[in-house]
Amino acid sequence: MAELGKKYCVYCLAEVSPLRFRCTECQDIELCPECFSAGAEIGHHRRYHGYQLVDGGRFTLWGPEAEGGWTSREEQLLLDAIEQFGFGNWEDMAAHVGASRTPQEVMEHYVSMYIHGNLGKACIPDTIPNRVTDHTCPSGGPLSPSLTTPLPPLDISVAEQQQLGYMPLRDDYEIEYDQDAETLISGLSVNYDDDDVEIELKRAHVDMYVRKLKERQRRKNIARDYNLVPAFLGKDKKEKEKTAKRKITKEEKELRLKLRPLYQFMSCKEFDDLFENMHKEKMLRAKIRELQRYRRNGITKMEESAEYEAARHKREKRKENKNSAGSKRGKEDGKDGEFAAIEHLPAFELLSDREKVLCSSLNLSPARYLTVKTIIIKDHLQKRQGIPSKSRLPSYLDKVLKKRILTFLTESGWISRDAS
């Protein structure tokens, strides 16, 4: 027989005198915390029914091993107090919990259980997501505070300084960007009788002036990075003549003009590397298309490609002989007709205008010409370095074609005259 004065769970028959959940819709349905959390249902009782927490006052949330013996009623009062009075007001919180708890006990219990305990570790993240983070780039982003740091003076002559209106000791110009920016703060003064609106207005003026200074410095950094001052003075032409670079196509020039707004986000080296990588990608794609064409024709070794190119050249030559009359009319029509025989062949877009004329006159495909050109230039470089090299020219290249190509490469400056 159940003892009088004790309450038991109607589902598992465990004692629920300290803490139980009573259904507000069913009569005499009281569950223990374990059965309630598992969603136990019995008779007409369902898990979605309303419930009421019945606390006998002797239930502890942290178990008997917790210090102080805080009951669930005191824990609820503590959480209400921290929400009402805020963290740190321990005296008001202790008065709210009850006279049996001192401010020191309230502080120690809350810090140990709700902050450094398991509940605090589970609820408080290691990195607070809503904390303000500095996303500015110290190495030179468009909004970086480091842009206001002074730069070393320009290495230019006195006459050039006068031409630019440049003051090297101050690293300033007589006419700066947004010359009237100082008018924002020139008339500002701090008065004791200013109200909050006037103070905030003056702060806004100072912020606008600081942003204008950063924009000035950013423009100076871009001018230094991209050598705009030597370009204005005409010094960059001599440097370009000293350092020979690859020829830039018309398409690449147009793309550079379109991507000019990116100058403010990228350094000069990064911008040049971008286009160099794009050029390499274009060359690799052309090479991949050529290799795929070899694979479609059953060629699996590079040694077989020379024979394939020779056979394909003979076939194309026979076709050209059959259509000689049409090709002559095309040549008379002008430049477009002159390249009609090779303009649809692979690697045609990689040739310069003079190379197109050469290939058209020799009845040589662009891919075969590029192969011969690469072999001749590599052999020439190995000979200049003293490395012995064997002739690796394809079998389809006769003496006349070889002499014409060597003469063309010599006149274009690809190889020296002693090599030819």
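Tutor: Buried means under 20% relative accessible area, exposed over 50%, and partly exposed in between (1.4 Å probe, protein chains only). The model is predicted: local features need pLDDT of at least 70, side-chain atom pairs count only at pLDDT 80 or more, and totals for chains, interfaces and linings use all residues. Residues are numbered from 1 along each chain as its sequence is written, and side-chain values use heavy atoms, with hydrogens and water left out.

Student: Is Leu-13 buried or exposed?

Tutor: Leu-13 sits in the segment before β1 (19-23); strands (E, at least two residues) are DSSP runs numbered from the N terminus. Its phi is positive, near 60 degrees, in a residue other than glycine. Most residues other than glycine have a negative phi. With a relative accessible area of 64%, Leu-13 is exposed.

Student: What is the relative accessible area of Asp-28?

Tutor: Asp-28 belongs to the loop between β1 and β2 (30-31). The phi of Asp-28 is also positive for a non-glycine residue, near 60 degrees. Asp-28 counts as exposed, and its relative accessible area is 64%.

Student: How many disulfides does a search of the whole structure find?

Tutor: A disulfide is a pair of cysteine sulfur atoms within 2.5 Å. The search of the whole structure gives a count of zero.

Student: Which cysteine sulfur is nearest to that of Cys-12?

Tutor: Cys-12 is partly exposed, at 37% relative accessibility. It is in no disulfide; the nearest cysteine sulfur is 3.6 Å away, in Cys-35.

Methods
Helix = DSSP H or I, 4+ residues; strand = E, 2+ residues; numbered from the N terminus.
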